[in-house]
Amino acid sequence: MTRSPLFLAALASSAVPGLDPVTVEGVASEPGDLFEIAYVQDSQDRRWVVKAPCTQAAGAMLDDISPLSGLLGRRLEIAMPMVRGFAPVPEGRAAVYLRVPGRPLDLAGLEPGPLAAEVGRTLAHIHNVEHLLFEEAGRPAYDAEAHRRRRLSELDRAAATGHVPTGLLTRWEHALEDVSMWRFAPTSVHGTFTGANVLASFDDDDDSSTGHIRGVLAWEESRIGDPADDFAELASVAPPGTVDAVLEAYAASRIERPDVHLVRRARLAAEMAPLRRLLHALASGQLEVVERTAEELRDLDARVEADDRRHAREDAERSERTRRAQDRSSGLDPDDPEQPQRPATGDRPEYEWDATQPHVPFPMLGETQAISMHPLLEGTQAYAVSPPVAFEADEADGVAVDATPAAEQQVQAAGWSTPSEAIEHTPAVEVPGREGVKADDEDAADAVRGAEDVLRVETGRQQPGHAEPVADFRPAPVRSAGNVRGVETQLLQPRQAEPVEDSQPVPVVAPDSDASPFEIDEVEALPEETSGVLDLHEGASDFIPVTGHDHPGHARPGDR
C-alpha cells in the first residue's frame, strides 16, 4: 500500500463527522488495483470502509458512482455501499461508507442449491432496474451494436501492443463479427459481478445451503449494456450444474426473457477480460502487470481448444436436460418406450429469439389488447361518403329505410329482390295478444331479421317544433301494439357514442341529406339537453347558454 492504514483512518475521521477511529485494518493490494481499502472501527462499534483511488481515472470513477448509491440503494433488496462522506486526496476523493455485512463468495466452489438460485435472483433483481434510474445517475449506456463495436475497438488497441497471441485475435475477431450473437436487450448491469464483490452470510458455516446474499460491492463499472457481462466469471469458473441453477432462477425472476446467446457472450467476456487489464497497465506504465497479463493470455491460447470441447459437451448436456424437463412438464416420460417421443432437435428448426426486436409475452397480445377503433372509423367514413341510395319511406312515421348492398344480398338470398318486397310477402299469423301482427316461418324470419340488422335508418324530415336536427340514428326494435305493414314498429333511438382513439379523424355527416360529409380532428361532447356554444376564452365558463333570440339571417334546420 502506498498509504498506511493509519492515514486512511485519518481520512475517514475527517470525512464523516463524529467518526472516532479506534482500530484500523488494512487490505493487502496487488499491482494494478484501482483502489486502496481499509476497515475502520469507531468508538460506537461501527465498522467503516475507506476507499481511496490509486489513479486519477479511479478517482473519477469513484466520484461518478456516488449519485447511483443514493438512487439505487433504496430500491434494491440487497445492500450496497452508501457513501457517507468524502476526503480529498491527490488522485481525487476518498469515499467512506458503512461496511456491508457478509463474506465474499467463492463461485468456483458454489454448488447447485438454494444459494445458487439466490445468486440468479440477485442478478435478475439488478438487471430489472429501470434504465431511467441509471441514466439519471449519469451511468453510460450502450445498445447491442455500440457494445459490439466497443469490444472491437478494445481488441484493435490490444492487438497493436503485440502481447496478444494471433490465435486469440482471430478467434475473438470472428466472434465479434458474428452479428447474430450480439442481439440482446440492453439492461442495467453491475459490470464486475465476481465472487469477491458478492457478500453472503451463512446460518451454518458448515452448510452452504443456509447461505443468503447480503450485498454487492464495487459498482464503479455499472452501466446499461450486455447482461452477459455479469455472468463472465460465473460461466468460466462455476460447475455446469451451478450455472444451470443460476440461469434457471435468473430466467424465472427476469422481466424480459434472456436471449439464447447469453452464455456464449459470457464466456467470450471472460476470455477478453485480461485485455482491459493489459491496456490499463500499459497506460499507467506498470510493466510487471503487463508481463503477467501477457503470460495469462498465452496460457489461455494454449487451452482454448480444450475449453471449447468441454463447453460443447456442457451445452449438449444442458439441452438434453432442458428437453427432459419439458417432457416431464407435458406429462411425457422420456424413458417410457410406449409413449410417443418428441422429434430430435436436429429434425426441426429452432427459433432463435431476437432480443433487439419486440417479442410477444404471455398471454398473447392479440387475445388481451383492446381492438383499435381506427378500422371501424374508416368503415364509417366510407359509408358517409357513399352515393345516395333509394329509400323506402313510410308517410305515417317519417322513417326512411336505406337499402344497403349488404341488406340486398341477405334479402335476395332468401328469395326476394328487395327488403320491401320481403316485408310485403311476409305471411300473416295471428299472435295471441297482438292481433294484426305478421310473423313468418323460421327461414323467412331469419332473412328479414338479417336484413333489418344491416339497415341504416335515418329521419327524412324534422317534426315541427324540433330545433335540433337528428344527425345519426340506429333503429331499436320496441314491442308495441302498433305496427307498420304488419311489422313491429322500430322507434328511432340515438346511437351511443363509441370510444375514439386520440388524434383519430371522426367522420361527421350533416343532418341534411344533400350536405357533404366532413371530418374533424377532435370531438368534444356537449352537455345533453342544453343549447349553447362553447366559450374558449381563458377564465370563462365552459358552456354559455344562448338565449332564444331569432336573427334574420339564421334559419333553424327545421324551417328549411
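**Before starting**

The model is predicted, and local features need pLDDT of at least 70, side-chain atom pairs count only at pLDDT 80 or more, and totals for chains, interfaces and linings use all residues. Residues are numbered from 1 along each chain as its sequence is written, and side-chain values use heavy atoms, with hydrogens and water left out.

**The whole protein**

Display the entire protein and colour it by secondary structure. There are 15 helices and 21 strands; these are DSSP runs numbered from the N terminus, helices (H or I) having at least four residues and strands (E) at least two. Of the 560 residues, 34% are buried. Buried means under 20% relative accessible area, exposed means over 50%, and partly exposed lies in between (1.4 Å probe, protein chains only). The accessible surface is about 33100 Å², and carbon and sulfur atoms hold 52% of that area; such areas come from the Shrake-Rupley method with a 1.4 Å probe, and for residues only the protein chains shown count as cover. Among contacts with a separation of 6 or more, 62% are between residues 24 or more positions apart, a contact being heavy atoms within 4.5 Å.

**First stop: Lys51**

Select residues 47–53, which form strand E3, and find Lys51 within that strand. Is Lys51 buried or exposed? With a relative accessibility of 7%, Lys51 counts as buried. Next, show the side chain of Glu220: a polar contact of 2.9 Å links this side chain to that of Lys51. A polar contact is a pair of N or O atoms within 3.5 Å; within protein, one must be able to donate a hydrogen and the other to accept it, and residues adjacent in sequence count only if both atoms are side-chain atoms. Beyond four places in sequence, the residues in contact with Lys51 include Phe35, Leu62, Tyr97 and Ala218.

Ala218 deserves a selection of its own. This residue lies in the loop between E9 and strand E10 (223–225) and, at 15% relative accessibility, is buried. The phi of Ala218 is near 60°, a positive value in a residue other than glycine. Most residues other than glycine have a negative phi.

**Second stop: two loops**

Move to Asp45, in the loop between strand E2 (35–42) and E3. Asp45 also has a positive phi, near 60°, and is exposed, with a relative accessible area of 60%. Then select Arg74, in the loop between helix H2 (56–72) and E4. Arg74 is exposed at 68% relative accessible area, and a polar atom of its side chain lies 2.5 Å from the backbone oxygen of Gly70.

Select residues 83–89 and 92–98, strands E4 and E5, which run antiparallel and are joined by 6 bridges. A hairpin connects E4 to E5 through 2 residues, and Val89 stands opposite Gly92 in E5. Two strands pair if DSSP finds at least two bridges between them.

Continue to an open sheet of 3 strands in the order E6-E8-E9, with antiparallel pairing. Its edge strands are E6 (103–104) and E9 (211–216), each pairing on one side only. Strand E8 (residues 198–202) is joined to E9 by 5 bridges; within this pair, Ala200 has Ile213 in E9 as its bridge partner.

**Last stop: salt bridges**

How many salt bridges does a search of the whole structure find? The search finds 26, each being a side-chain nitrogen of Lys or Arg within 4 Å of a carboxyl oxygen of Asp or Glu.

Select Arg171 and Asp308, whose closest N and O atoms are 2.6 Å apart in a salt bridge. Arg171 lies in helix H6 (residues 166–177) and Asp308 in helix H10 (residues 287–329), so the pair ties together parts that are 137 residues apart in sequence. Arg171 is partly exposed at 25%, and Asp308 is partly exposed at 32%.

Turn next to Arg223 and Asp229, a salt bridge with closest N and O atoms 2.8 Å apart. Arg223 is buried at 6% relative accessibility, and Asp229 is buried at 8%. Asp259 and Arg265 form a salt bridge of 2.7 Å, N to O, and both residues are buried. Finally, select the network of salt bridges that links Asp244, Arg267, Arg303, Asp307, Arg310, Glu314, Asp315 and Arg318.
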